Each structure stands twice: as C-alpha cells, then as structure tokens.
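Hi everyone, thanks for coming. Please take a moment to look at the structure on the screen, and then we'll walk through it together.

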Amino acid sequence: MPISAKYLYLCSRIMESLKEKTAKGLFWGGMNNSIQQLLGLVFGIILGRLLSPSDYGLIAMITIFSLIATALQNSGFSTALVNEKEPKDSDYNSVFWFNILMGGSIYLILFFSAPFIADYYHEPRLVSLCRYAFIGLLFSCSGVAQAAYLYKNLRAKQLAKASITATIISSCVAAIMAWQGFSYWSLATQTNLFILISTLLRWHYSDWRPSLQIDFSFVRKAFPFSVKILISDVLTHVNNNVMNILLGRYYSAYDTGNYNQAYQWNNKCTSLIQGMVKQVDQAVLVSVRDDQERQLAVLRKMVRFAAFISFPLLLGFGLVAKEFIVLAIGEKWLVSAQYLQWLCVCGAVAPISVLLADLIISKGKSGIFMGATLALGLLEILAMLLLYPYGIHTMVMAYVALNLLWLFVWFSFASRLTAYSLLLFLKDIMPFGLAAAGVMIVTAFITSSITNLWLLLFCRVVMVALLYLLVMKVARARILDETLDFVKNKFKR
C-alpha cells in the first residue's frame, strides 16, 4: 500500500474510532443523566413532600461554601489533566496527593468557620449543620484523580454506573431519614453519602492507583493554567448561587427554600443535557484542537445536539411548571413555580453556553474563561444588590436576562478561536429555539381551557413532544435522524 494511501487509511480509522468513542460517551452520558434525573425527580418529589421550604433554605445557605471548597480542593488540576494530550502516571499521582492535602486543610478551616457562617445568616442551627455537611470534602478529595482518569479515557459507562449507584443509595437513605423526622439533616446526609459511594466506585472502575512517590511537578507545571480554572470555578459557583447567598442574608430561610426548590428543578433539566455533552466534549475537543476545521465541525454538531434537546425540554418544563409543582410536591411550593418558569428560559441556553466555554478551555485559553466568568459574576452581584429591595421576582428576572445575554459573550470568544461565524451559530440553534417556542405557544393556546391539573399536565407534555417531533420530521432535521439511528443501533447490539 502506498504511503499516502496508508496514511489516509490510518487517519480514517482514527476519525471513525473518535466518532464511535464520542457517540458512546454521549450515549452513556445521556443514560447516566437520564437515570439520575429520573431518580432526582422521584426522590425530589418524595423529599419535597416530607420537608419544608425552610429545610431546603438552610441547606441552600451553605451550599456555596461546599462548592467553593470543592473547587479549591481540586484547584483546576483535574481539568488540566484532561487538557493534557498524554498525561503520565506521575501527573495523576501529583494531583492525587495535592487533593488529599487540600481537602483535609479546607475541612479544618470550614469546621472552625462554622460560627461565622451562622452569624452571617443569623441562623444558629447552621453551626452543627456546616460541620456535618462539609464532611463530604474528606470523601471527595481521594476521587478527583480517579474521575479525571476515567473522563480522560472516555470511560463514560463506568462513570455512569458509579453516579447512578451512588444516587440510588444516598437518595433512599435521605428519604428514610426525612420520613423519620430528621428534616434538613437528611439532605446533608444525601450529599455526603453520594460523594462517598461515587468515590469508592471510581476507585473500583479505574485502572490507575496512586503511589507514595510524591512529586508535585505536574502541579507546578499546570499551575498557571489551573489557577485560572480554579478562579473561574469559584466564580461560576458564586454566579449560580448568588440568589441563595443574598436571599439567605436579606430574606428568610422560607424564601430561600422556595427559590432554591425552583433552581434545583431547573438545574435537573439543564444537567440532563450538560451531563451528556460534558462526559466527552472537552476530551474530544482537545483531541482535535490541532485541526481547526475538524474541531469546528465537532463543536457545531455538539451545539446542534444540545439545542435540539435543550430548547423543547426546558421551555416545555416552564410551560408545565405550575401543574408539575402543585401535583408533585404540593401547593406549599406554589411560589417556586413562578420562579421556575423564568429560570427555564435561561436554562434553555445553559448547555450551549457550557459547550462554548469548554471550547475556550480546550484551546488552553483559561484566562479568557476566567475573565468572562468574573465579569458575569460581578454584574450579577451588582444587579442583585441593587434590586433586592424590589423583591425576589425582580431579582430572578434580572438573573435570567444576564445569563441569556452571556450566551453571546461566550460565543464572541469562541468565534475568535474557531472562525465560528454568527450566521453559522444562529443557523445551528435558532431553528430548534423557534420550533420549540412555537410549539409551546400552540400547546398553551389549545390547552388553555382545561381546568383539571392532571389532565392539563398530561395533555401539554404529550402535545409538546408530538408537535416538536413532527416539526423536526417535516423540517428533515438531520440531528433527529442521527440520534434515532444511533439509539436503534445501540439497542440492537
């Protein structure tokens, strides 16, 4: 075989292998998130009925501290490992021992900071709750390198098994505790148990093991990149939780709990799509970053897939928010339904924003990622501080508007790195957005006279699904055919 022909043959095999691995990753990412969100739906309903808004509010107040602590413990090095073309055993070892040291140190700091957190929120119960809830840091610190290894090697199936098993066990325990009257302690236990079990299972599925030869060379080498990821992660958590931070301070645990319930349900839907693509997006984008044309093609297909799923799912959830909340967890959460309707609007574009941000990271531009995240965070904090006297609804609307605007900020940076034009971007997302919005308007109009909530919920869900699929079929959407063909072939094997 001539050298040129052999080269082309090998290239085609590599491309096919990458395509297959990406498809498998998306499939298992979808399976993982679908099952997790289904479990989240079931246990969210159970816990929502057993617990009060104030129980959720207390947990929401301290969630930001857990998230920031986890980001500090990781310090962006798992992302640095994934972004490395061929990480060595010593690189994983370096990150593992760094995480162990950071995890233990941060827990001690938070343990003694608990009284100050309680003083900020004027809530004495938070002292003991913080010290218990933050134990998860000690469990998670030993699993970061293992998770990075599985993720880097596109072992999405193993990651899915670990997460699903941990979700089932931790949620069952939390439901039993809530039934027995343990209130907010059941939610804290759920998180701690999930982290412990998922960490143990990552060890079980991973082939890599740490050694006692402690070498922080990779940590030192990756620090300029990872520190920007760290700062960006902290800022992202602040951005996502700015409402909880300020509501807990200026309003009551009851108000915080109502908003947090809406945020959690919205997050379940966005996580369903984000989890699918994040299982593979950065690893795949890194693997093709030396071929800009190919990387852009991969990115566009992922964007179309995210838009195809995200717009009907989130806008549809917003359409049935009131019926769902009342029927699932009771009228005591009715206020949450109003917040949920607004959050679903920006939730529809959240997975696309994540994809664009991950593209920026895959290009090694963590500084751009950090700067854009910082700017969004500052604007959100400023807006919320200015608007909190005007009520929670006003704050939620401003939060949604800023996050919608920021989709195009992420795009502007991604376009400079990939020659992704605005016309192509709009061509990739607008057909799905307009189709979904049109389907919601038609469905809302046709079903507006139905008064029975169960019948209204059923009719709207079925009608939205059928109409959207019909529109996609009539429009001959290629992404629909590709998705259906892959699922059919997967289940035939």
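Let me start with a question: does His122 count as buried or exposed? With a relative accessibility of 56%, His122 counts as exposed, because the cut-off for that word is over 50%. You can find His122 in the loop that links helix H4 (89-121) to helix H5 (126-133). Its backbone deserves a look too: His122 has a positive phi of about 55 degrees, although it is not a glycine. As background, most residues other than glycine have a negative phi.

Before going further, please remember that this is a predicted model.

Now the overall picture. The chain contains 21 helices and zero strands. It has 493 residues, and 53% of them count as buried. The accessible surface of the chain is about 22,100 Å², and carbon and sulfur atoms account for 68% of that. What about contacts along the sequence? If we take contacts between residues at least 6 apart in sequence, 84% of them join residues at least 24 apart.

Ser183 sits in the loop between helix H8 (156-179) and helix H9 (184-205). Ser183 is not a glycine either, and it has a positive phi of about 45 degrees. Its relative accessibility is 21%, so Ser183 counts as partly exposed.

Next, let's visit Ser75, in the loop between helix H2 (53-74) and helix H3 (77-83). Is Ser75 buried or exposed? Ser75 is buried, because its relative accessible area of 6% falls under the 20% cut-off. Leaving out residues up to four places away in sequence, Ser75 touches Phe98, Met102, Ser226, Val227 and Leu230. The C-alpha atom of Ser75 is also 8.7 Å from that of Asp233, although the two residues are 158 places apart along the chain.

Let's move on to helix packing. Two packed helices are described by the angle between their axes and the distance between the axes. By class, the residues in the contact of H17 with H18 are 16 nonpolar, three polar and one charged. On the H17 side, those residues include Phe369, Leu376 and Glu380, while Tyr399, Trp406 and Trp410 are among those on the H18 side.

H18 has another partner, helix H15 (residues 334-347), and here the angle is about 10 degrees, with the axes 8 Å apart. That makes H15 roughly parallel to H18. Among the residues making this contact are Tyr339 and Trp342 of H15, and Val396, Tyr399 and Asn403 of H18. How many charged residues take part in the contact of H15 with H18? There are no charged residues there, with 11 nonpolar and three polar ones.

Last stop: helix H14 (residues 321-329). H14 is mostly covered, as eight of its nine residues are buried. Those buried residues include Glu323, Phe324 and Ile329. Just after H14 comes Gly330, which takes a positive phi of about 105 degrees.

Notes: Residues numbered from 1 in each chain as written. Predicted model: local features only at pLDDT ≥ 70, side-chain atom pairs only at ≥ 80, totals over all residues. Heavy atoms only, no water. Helix = DSSP H or I, 4+ residues; strand = E, 2+ residues; numbered from the N terminus. Buried < 20%, exposed > 50% of the residue type's maximum accessible area, 1.4 Å probe, protein only. Contact = heavy atoms within 4.5 Å. Areas by Shrake-Rupley, 256 points an atom, 1.4 Å probe, with all protein chains shown as cover. Nonpolar A, V, L, I, M, F, W, Y, C, P; charged D, E, K, R; others polar. Axes fitted to C-alpha atoms, helices over the stretch in contact; angles between N-to-C directions. Parallel < 35°, antiparallel > 145°, perpendicular 65-115°, else oblique.
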